[in-house]
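Morning, everyone. Please have the view open.

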Amino acid sequence: MKDDTVKLTLPAAGPATERPISIAIVAMGGQGGGVLTDWIVKLAENQGWVAQSTSVPGVAQRTGATIYYVEMMPPLDGRRPILAQMPTPGDVDVVLASEFMEAGRSILRGIVTPDRTTLIASNHRSLAITEKMAPGEGIADKSAVSQAIGVTARREIVFDMDALAVRNGSVISAAMFGALAGADILPFGQDDYLTVIREGGRGVEASIRTFEAAYTRANSGAAPAQTGEQPERPPAEAATVDPRFLPLLTRLRETLPDAAHAMAEAGLRKVVDYQDLDYGREYLDLLDRLHAADAEAGGAGKGHLFTVTAAKYLANAMAYDDVIRVADLKTRAQRRARIEREMGLREGQVLQTTEFMHPRMEEVNGLLPARLGRWIEARPRLFAWLDRRISKGRRVRTYTLRWFLMLYLVSSLRWLRRRSLRHEVETAHRDAWLAAATRALANNYQLGVEVLQCRRLVKGYSDTHTRGLSKFDKVVATIALLEGRADAADWARRLREAAIRDASQKQLDGTIATIKSFL
Amino acid sequence: MAERSFAREVEDLRLSGGEIFSGEGILAITKALLQSGVSYVGGYQGSPISHLMDVLADAKDVLDELDVIFQSSANEATAAAMLSASVMYPLRGAVAWKSTVGTNVASDALANLSSGGVTGGAMIIIGEDYGEGSSIMQERTHAFAMKSQMWLLDPRPDHTCIVDLIEKGFQLSEASNTPVMLEVRVRTCHMHGSFVAKDNVKPVFTLKDALNNPKRDLSRIVLPPAAYEHEQEKIHKRLPAAIDFVRDNKLNEWMGPSEGKIGILIQGGMYNSVIRALQYLGLSDAYGNTKVPLYVMNVTYPVIDTEVADFCRDKDAVLMIEEGQPEYLEQAINTVLRRRDINTRVSGKDVLPMGGDYTAQVLMQGIETFLATNDPHLLGNRPPLPDPKPVLALPEVQRLQTVVPPRPPGLCTGCPERPIFASMKLVEEELGTHHVSADIGCHLFSILPPFDLGATTMGFGLGPASTSAFNVKADKRSIAIMGDGGFWHNGLTSGIGNAVFNKHDGVFVIVDNYYSSATGGQDILSSRAQNANRSTNNSIVEALHGIGAKWVRQIDRTYDVTKMRDTLKEALTTKEEGPKIIVASSECMLNKQRRVKPQIAKAIKGGQRVVKERFGVDEDVCTGDHACIRLSGCPSLSVKQLDDPLRDDPVASIDNSCVACGNCGEVAEAAVLCPSFFRADVIHNPTRWDKFKASLTMAVIGALQRRRAMRRIQFSAAST
């Protein structure tokens, strides 16, 4: 109960400044905020209090952000309190947030204040559409919310309530109810909460299990502020290294600077896994040459950033995505094991998967030996005729003998890869890129690094890949114009970021126009 | 079948005298109607009054016992016209809708109804969808009440007060031969509270009695000269009768001290927030004991002149608290005082915002300003006011502004409308952008990311009609979207009939998801479910043919993105003249899941062979471009960061809320995106043949996998 003691000149009929306990529940539509609200109301009513809840579901029911609000107060001499229908910024006792960014939104609404608010929030993320649809990395920064909670909440109880609920076979509303009980803010006992859940009738056991786990977690005092509960990964060293791979690994460790070891090892693994040991050697040869250029440009003083960056993007460039790669990944035993895990496959159940593939003549032609491929490419009508036979959506039933054998066969075409048309094209592109980076490096170290990073723009399949390549070409060509300027690296970074952010290339074209205006 | 089952709430409708009703505001209103002896109830669903319609639809038995007829009206005009049963007969009736949108549709009938007047009590329950959480334009219903002269009740947000006013409202309607509107705001409709119930009342005079003994009276029909008579009657008879009734029955309330230098007049609906604001200012306790004289207008139209004059007479100044604009009440107060030459100052919109929610905080500021000018003494001992500004100014909070992403509503997981808009995006890539007229319904979410489709929305069922000006030959055609709900509400005639008649060349997409989904999944004419109380399964396509449409394509599985895309392309490019109509049908996934989930669980438990499907993404095949998300926006399709130093961008990922609608796979295939998506079929309780086939296949596959594993370098950590 709040008590702002003041002396009223007019005699008060009751404790004039006593206000109800206010609880705001911020959630996304369909997350069970309604159930939690009903529980809290019932909890208060069972103790003879007056409780009122309001909400504004409307369209927010469909996955939008929404807010539920509860006030509660005991009646006085048979009179019922007049309860407000919405939270007043600066005057909320408890905010329950069912998702971390929604906790952030509640802070922006001003309903979390240091003088009164206990913030109970789940720190799991449910990504908003703008975060998901960004072509690159668009996920909002969780630490900003953690920091804001630190300075706004009187008390915080933050943990992954979603994971806790899933672990206990229930939903987040039960975990939040448990956290509320554990926070010990309302003048009700744990049994009162449990009675409410029991009266609800459905999924009682799992709800109570979840409630109790959350209760304990919230009640165990100031648990260390943690974000996400990631299990420690065993260090890569723990894995036994294939003896055939060892010489390459030794060579890498001997020739490359310490700073680049981790990245280069990951890269080396990727290209060997992609093709073979020989391809791994090619990777190290190229990397050695880039490292030499790096050293010459004074890389030692810059933490060999050029070599580290090259180790990363060269591996990605060499392990370009093609039909062989896709077939290889889809036929691996580890892949099936992962899906079985994800689907929670149990003993006695049978799993089948269907792939949605749409191969085109471009992909098939890329597989052919370079000369044959070019010969066909030079004949558009033949190409189109073949494309009509190949290009169509195919539903591949992976774990049937017929389709598995087909995929297996395609994946075993690795011997053909390095002679293929696609490989020739990719290699030429790669070499031109590395040459551009090395050239830039000589005059402007950072610019060299930036050119290497442009490789990030090339990704995806078919049209997406083509678009990525065109962005890459535009960016690298524009960077070439900038060489010699002191702020070249800066502009290169801006260009790349514009290209990543922008699926339609409008922003990129705008940045290019700006650059051309001052050149 | 509605989104929610109200089987439990129906029991609350049976409560008898003295028992405590505890529940949602809108359900309290429903109970109050039965306590008032209504003969008929109608209306059209929509937030915030959907639950009234839903609970009555589930309450057939209760209604039968009471001889009450309930109809889900075709639209609000139908509902309003239904009230004409009360014109000649002593029958009480009520209709309900979302306002102002519903009142707009109903206006014609309402104007006619209030011209001739009523004999039995006629009440319109208005769900005032204004302020935060509203889904419509921000307007007031007040204007409708004034222009047609219907009384407007705006009860305090308190179940007892609301229920009481409904009963009194019917009496008022009968005493003044005028229909009455009862306005409840969104939060009040969804507010949990309680009241002491009374017995339900069975009407003495029934609809059957009326049909068997028909009556007519030429003077009640809106046709000159009666129409002129009606106007005089309104002014000289009905208004005075209403004023007398409101005053005699004390429908408006005086609270606080009887004397004071200042006073506050408020709309009933504002009461709770005003009390909280006064409490912040140290002028009330939590139980409503206030130090400021209050005049609570539970009836906001008509204004009771004598009451207002009495309240204001000996005060220096009064504050009129009235939400929204224009400030009708403030103007009315001024008129009352000027006519009587009472020189009390009238404040209102000078200290309060013209528009927007009147939250406790907004009211606190307004009242504080009013008091500071007119009676600063009252502010002498105010406690510290709640103030979030210092917190909002903190740099950590400022930074949040740019971090917290907007979270607009969107289509649900597995929504059958998603592939329709994904197809439209694909067509857009090929044929360029088009003028798209959107409509009201879940499909309006197409205007938001990731689809960004739709230029205007002109009202329910009016998507097609709003392309009617674009009936010219051009390189591109207009596209109009309309839902099945809008189609039956009025779109069949206003949109399609209009296009056929005027030979409009545009494309019309009718989104048919078997329900009025956005309002909670109520059945409509073309619903595919069997409904014992209604006639369903009436074909949209047949209706289209019936009205003269020639180019009609029915797509019975919207998830077939390739077909959807090709059909749209054909519609946009065909040489054929006249409207090109595509009916895209698949069941609303929210409703479908509610229907089939228990069935599937039961089948699995019972040992039956069941194939459960879900989609997945191969994380090492996905390159993190997110083109798939830009064509989907499915809540279950998200992204996740991989623990791989070589990767910059998060990859797509599907969580276990996936319902295997297939949209992502179809889109990936139709748009030639990438081969990352797969559908996993898990066979529960497989047959012996299933198991035999699987074990045989997996033996061969396992051997092949082992063969390859032996030959190549194995990385236990790096590869997956």
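Start with Leu294 of chain B. Leu294(B) counts as buried, because it has 24 C-beta neighbours inside 10 Å, and the cut-off for that label is 20 or more. Where does Leu294(B) lie? Leu294(B) is in strand E11 of chain B, residues 294–297. Setting aside neighbours within four places in sequence, the contacts of Leu294(B) are Met255(B), Gly256(B), Ile264(B) and Ile266(B).

A word on confidence. This is a predicted model. For the complex, the predictor gives an ipTM of 0.93 and a pTM of 0.91. Chain B has an average pLDDT of 94, with 99% of the residues at 70 or above, that is, scoring at least 70.

The C-alpha trace spans about 100 × 70 × 60 Å along its principal axes. Chain B holds 26 helices and 24 strands. How much of chain B is buried? Of its 720 residues, 54% are. Take the contacts in chain B with a separation of 6 or more: 78% of them join residues 24 or more positions apart.

Next, a helix in chain B. H2(B) covers residues 25–35, and eleven of its eleven residues are buried. The buried residues include Ile26(B), Leu27(B), Lys31(B) and Gln35(B). After H2(B) comes Gly37(B), with a positive phi near 75 degrees.

On to the core. In soluble globular proteins, nonpolar side chains tend to be buried together. Here, the largest nonpolar core has 289 residues. Which residues touch the most other members? They are Trp151(B), Ile321(B) and Ile510(B). The element that gives the most to this core is in chain A: helix H6, residues 172–183, with eight residues. Another core lies apart from it, with 52 residues, including Ala311(A) and Tyr320(A).

Back to Ile510(B) for a moment. Not counting residues up to four places away in sequence, Ile510(B) touches several residues, among them Met482(B), Phe487(B), Ile540(B) and Val583(B).

That brings us to chain A. The domain assignment gives domain 1 (2–219) and domain 2 (329–398) there. Their centres, over C-alpha atoms, are separated by 49 Å.

The crossing of H1(A) past H6(A) is right-handed. H1(A) makes this contact with Val35(A), Leu36(A) and Trp39(A), and H6(A) with Ser173(A), Met176(A) and Phe177(A).

Is Glu131(A) buried or exposed? Buried, because it has 21 C-beta neighbours inside 10 Å. Beyond residues up to four places away in sequence, Glu131(A) touches Gly138(A), Ile139(A) and Ala140(A), and also Pro405(B) in chain B.

That's the tour. Questions, please.

Definitions and conventions
Residues numbered from 1 in each chain as written. Chains lettered and ligands numbered in written order. Predicted model: local features only at pLDDT ≥ 70, side-chain atom pairs only at ≥ 80, totals over all residues. Domains from an automatic or database assignment. Core = buried A, V, L, I, M, F, W, Y, C linked by C-beta atoms within 7 Å. Buried ≥ 20, exposed ≤ 12 C-beta atoms within 10 Å, placed from the backbone. Helix = DSSP H or I, 4+ residues; strand = E, 2+ residues; numbered from the N terminus. Contact = placed C-beta atoms within 7 Å. pLDDT = per-residue confidence, 0-100. Left-handed = near helix turned anticlockwise from the far one by under 90°.
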